[in-house]
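This report describes selected features of a single structure. The sequence and the model are shown first, and the description follows.

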Amino acid sequence: MQITRIKAYQADLPLHEGSYRWSGGKSVSVFDSTVVEIRTDEGVVGYGEVCPLGPFYLAAYGEGCRAGIGELAPHLIGEDPLELDKLNRLMDAAMKGHPYVKSAIDMACWDIVGKVSGLPVCTLLGGRHGDDFVLYRAISQESPEAMAGRVAGYRDEGYRRFQLKVGGDPDVDIERIHAVAEHMRPGDKLIADANTGWLMHEAARVVRGVRDVDVYIEQPCPTYEECLSIRRRTDHPFVMDEVIDGMDSLLRGHADLAMDVVNIKISKFGGITRARQARDLCVSLGIAMTIEDSWGGDIITAAIAHLAHSTPTEFLFTATDFNSYVTVSIADGAPQRVDGRMAASAAPGLGVEPKMDVLGAPVLDVR
Ligand code: MG
């Protein structure tokens, strides 16, 4: 099988809540998503998606996705989309770094492998664990009272895990965590994600200020070393995210006992192939995971579902249903949240059919 044509589409994904705010005053109101379509000489077509969390979260941005895919596409015409490890090596040889650019291409090829084999990606990634899996809800940064209100509302929708966007003024963040913690019920889990927003002295004050609260602390500071320092001064369960983006950092984090949970975002690792490698390593090392992406619509939500559902249940701390955050649906067949949980599609491949009327004309077409 050969890749004969690669197209890319751009989609704007506005938010139900109007905007999403996190550390450092950063916010996004409309997400800039890119959908990749890979066509083959045998008529099988695969789809992938990549959607950065604005241009100021990881080193990634919407237009960069399209530019990078345009750069890579000529190297991939004529290659076999079923030979995924080979294809990833080829992409690495053609373009150094930029894992997010490669993510949607890799995802689309997994869709093709699934369609060719007649199997859902979930099965190809190792098998389905249980009937469904657990989701968390990210709570955009607002006043402590407003965030507590949001948690109550999302609990009514079935969520039991809540990730507060903190990383702002440490005194207000302490209030935020306390305000929400008062509303926690048995079985709920609370995560305070600072998204690199605190200096070390601020993080040290916050973890001490919420010492008696049952809360996970996620990525308090910008660097690995700063996070490790805070990790060693607190007994809260600890999550690493932004600084863990490959096997090197994962192995280093494991050796230092730097985290109890690691956040595996598909595009941060460069696609399903590399995210799966990280997932399997975490299972071998005994590290629980949040499995998600930086953001996305229906296609990314489907990919997350396949990777999350094929992760042994006890290792899946939580996952994300991004398609319920946005007002625009870009594909049919994507998994939908039910009572704070979700299941991967049983259809071959990712199990999604893009809505071409929503995606419009391609912004890139290479053959
Ligand atoms: Mg995070």
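Which residues coordinate the magnesium ion? In this predicted model, the magnesium ion is coordinated by Asp193 through OD, Glu218 through OE and Asp241 through OD, at 2.1 to 2.3 Å. The spacing of these donor residues along the sequence is D-x24-E-x22-D. Aspartate 193 belongs to strand S9 (residues 189-193), whereas aspartate 241 lies in the loop between strand S11 (238-240) and helix H9 (247-255), so the pair ties together parts that are 48 residues apart in sequence.

Are these two aspartates buried or exposed? Aspartate 193 has a relative accessibility of 1% and therefore counts as buried, the cut-off being under 20% relative accessible area. Aspartate 241 is likewise buried, its relative accessible area being 1%.

**The open sheet**

An open sheet is formed by 4 strands in the order S5-S4-S1-S18, with antiparallel pairing. Its edge strands are S5 (45-50) and S18 (364-366), each of which pairs on one side only. On average, and with direction ignored, neighbouring strands of this sheet are turned by 15° against each other.

At one end of the strand order, S1 (residues 3-14) and S18 pair in the antiparallel sense over 3 bridges. Isoleucine 6 has valine 366 in S18 as its bridge partner.

Two helices lie across strands S4 and S5; the table gives their residue ranges and their angles to S5.

**Serine 19**

Where does serine 19 lie? Serine 19 is found in the loop between S1 and strand S2 (20-21). With a relative accessibility of 17%, serine 19 counts as buried, because the cut-off for that class is under 20%. The side chains of serine 19 and arginine 21 are joined by a polar contact of 2.3 Å. When residues up to four places away in sequence are not counted, serine 19 touches Val28, Ser29 and Ser140.

In summary, the magnesium ion has Asp193, Glu218 and Asp241 as its coordinating residues. The open sheet has the strand order S5-S4-S1-S18, and the loop between S1 and S2 holds serine 19.

Key. Residues are numbered from 1 along each chain as its sequence is written. This is a predicted model: local features need pLDDT of at least 70, side-chain atom pairs count only at pLDDT 80 or more; totals for chains, interfaces and linings use all residues. Side-chain values use heavy atoms; hydrogens and water are left out. Donors are N, O and S atoms within 2.8 Å of the metal (3.2 Å for Na, K and Ca); water is not among the atoms, so sites may look incomplete. Buried means under 20% relative accessible area, exposed over 50%, partly exposed in between (1.4 Å probe, protein chains only). Two strands pair if DSSP finds at least two bridges between them. Axes are lines fitted to C-alpha atoms, for helices over the stretch in contact, and angles run from 0 to 180 degrees between N-to-C directions. Contact means heavy atoms within 4.5 Å. A polar contact is a pair of N or O atoms within 3.5 Å; within protein, one must be able to donate a hydrogen and the other to accept it, and residues adjacent in sequence count only if both atoms are side-chain atoms.
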